[in-house]
Protein chains: 2
Amino acid sequence: MASYDTTSSPPAAAEEPLKRSAPPPEYNGGFSPVVDVALRVLLFATTLVAIIVMVTSKQTKLIPLAPGLAIPLPAKFQHAPAFIYLVAALSVTSLYTIVTCVLSALALMTPGGCSTKLQFHFLMFDALLLGIVAAATGAAGGVAYIGLKGNSHTGWNKICNTYDSFCFHTAASVLLSLISSITLLLLVWLSISVLYKKTARR
Amino acid sequence: MASYDTTSSPPAAAEEPLKRSAPPPEYNGGFSPVVDVALRVLLFATTLVAIIVMVTSKQTKLIPLAPGLAIPLPAKFQHAPAFIYLVAALSVTSLYTIVTCVLSALALMTPGGCSTKLQFHFLMFDALLLGIVAAATGAAGGVAYIGLKGNSHTGWNKICNTYDSFCFHTAASVLLSLISSITLLLLVWLSISVLYKKTARR
């Protein structure tokens, strides 16, 4: 019994510190929390500016109907359902980003605060919002393209030669929401790689 | 010394089998590989049918230009850049799905073949394709909506009262690509949860 104890206990005692030192209790993937917060701040900025640019796009022009008769006709984003959807999607993303940005920053400041569970929930919602914002960008971009180029086959005239300021606002908003989509994709990729690194360090 | 050995060794011996039995060497998340392959088969089916439905949407109608004068005018998906983008995005997704479906099925049949690294790479590409397919669905949906309802503010007339079969094909294709987007989101969520479970079992 005494010999069993002396042979078995030293390797167990030697393995114990090794096991404890190899994987840190909470691995945050090096600089990834800082990049995460930076990307979320960028996402918030792009979505907010895209909303403001789209909402302030209203432009009124005098459209000649007959010689000597012209009526003021406004162009605003509410006229196209795709633009309304874009504003709605960007608003949801903007609000969501405020919450996650604050939580990410708090987790960054608190030692060991960035839990895997929090990151997992962020990742699920980030992926969902990626789909929503990408679809909204596509829809608004598709409609804006018709406004810019028209479509001779269906007889849809371009409107950007008349409403130049409205089109500029719309194009800027679509471009910003494209940047938001790419930022969301980068956030998803970052979180996935952090999760993967955690798994690889098992 | 003897009393120390008798008190310390039994709990250590009791913990050892527990520690070893808890995390299997390669945890695949229970039924998730089967669901993964099933979702990929569904994704392949929906993208392929969406492409076929869109490509075969051509419809020619006699459009009256003047009393007694009508010319045949075709409507096809190549007339709208948004529909071309949809077909391109769905083609890429379809080809990608064939590769991943075969690899997933092989990994399912091989014991321990579904490595975390493979799953990680799938997840990165799945997230990218989710963005691309969602944007394409949005763009095609936005243009198809104008074709269906028109837009009185911009003077874009609806074309679905004339080209009914073309519109039916387009709507079916957009709906199928929406299902593809949702399937891609589910695939991303599934892979994330499997990765998270692996991390939690660290």
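Predicted model: local features only at pLDDT ≥ 70, side-chain atom pairs only at ≥ 80, totals over all residues.
Figure 1. Read from the N terminus, the elements of chain A follow the order α-α-β-β-α-α-α. Of the 202 residues in chain A, 45% are buried. Among the contacts in chain A with a separation of 6 or more, 75% come from residues 24 or more positions apart. The accessible surface of chain A amounts to about 10,200 Å², and carbon and sulfur atoms contribute 73% of that area.

**Figure 2. Chain A and chain B are superposed by a rotation of 180 degrees.** The shift along the rotation axis is 0.0 Å, and the RMSD of the superposition is 0.0 Å. That is the relation of a two-fold axis. How do the copies meet? They do so through the same surface, because 100% of the interface residues of chain A are also interface residues in chain B.

**Figure 3. Helix 4 of chain B covers residues 116-149.** Its 34 residues reach 48 Å from the first C-alpha to the last, which is close to the 50 Å expected at 1.5 Å a residue. Is helix 4 of chain B mostly covered or mostly open? Mostly covered, as 24 of its 34 residues are buried. Just past the end of helix 4 in chain B comes B:G150, with a positive phi of about 75 degrees.

**Figure 4. In chain A, a disulfide links A:C160 and A:C167.** Here is a view for anyone who likes to check torsions. The S to S distance is 1.9 Å. The torsion about the S-S bond of A:C160 and A:C167 is about -80 degrees, so this disulfide is left-handed. Both ends count as buried because they fall under 20% relative accessible area: A:C160 has 14%, and A:C167 has 13%. Another cysteine of this chain, A:C101, is also buried, at 15%.

**Figure 5. In chain B, a disulfide links B:C160 and B:C167.** The sulfur atoms of B:C160 and B:C167 are 1.9 Å apart. With a torsion of about -85 degrees about the S-S bond, the disulfide of B:C160 and B:C167 is left-handed. B:C160 is buried at 14% relative accessible area, and B:C167 is buried at 15%. B:C101 is buried too, with a relative accessibility of 16%. Over all chains, the structure holds two disulfides.

**Figure 6. Aromatic pairs: the structure has seven of them over all chains, and one is formed by A:F83 and A:F166.** The pair of A:F83 and A:F166 is edge-to-face, with 6.4 Å centre to centre and 65 degrees between the planes. Which parts of chain A does it tie together? A:F83 lies in helix 3 (residues 81-109) and A:F166 in helix 5 (residues 164-200), so the pair joins parts that are 83 residues apart in sequence. A:F83 and A:F166 are both buried.

**Figure 7. A:W156 and B:W156 form a tilted aromatic pair.** The ring centres of A:W156 and B:W156 are 6.3 Å apart, and their planes make an angle of 35 degrees. This pair crosses between chains: A:W156 sits in the loop between helix 4 (116-149) and helix 5 of chain A, while B:W156 sits in the loop between helix 4 and helix 5 (164-200) of chain B. Both A:W156 and B:W156 are buried.

Conventions: Residues numbered from 1 in each chain as written. Chains lettered and ligands numbered in written order. Heavy atoms only, no water. Disulfide = S-S within 2.5 Å. Buried < 20%, exposed > 50% of the residue type's maximum accessible area, 1.4 Å probe, protein only. Helix = DSSP H or I, 4+ residues; strand = E, 2+ residues; numbered from the N terminus. Contact = heavy atoms within 4.5 Å. Areas by Shrake-Rupley, 256 points an atom, 1.4 Å probe, with all protein chains shown as cover. Least-squares fit on C-alpha atoms with pLDDT ≥ 70 in both. Expected span 1.5 Å × (residues − 1). Phe/Tyr/Trp six-rings, centres within 6.5 Å; stacked < 30°, edge-to-face > 60°.
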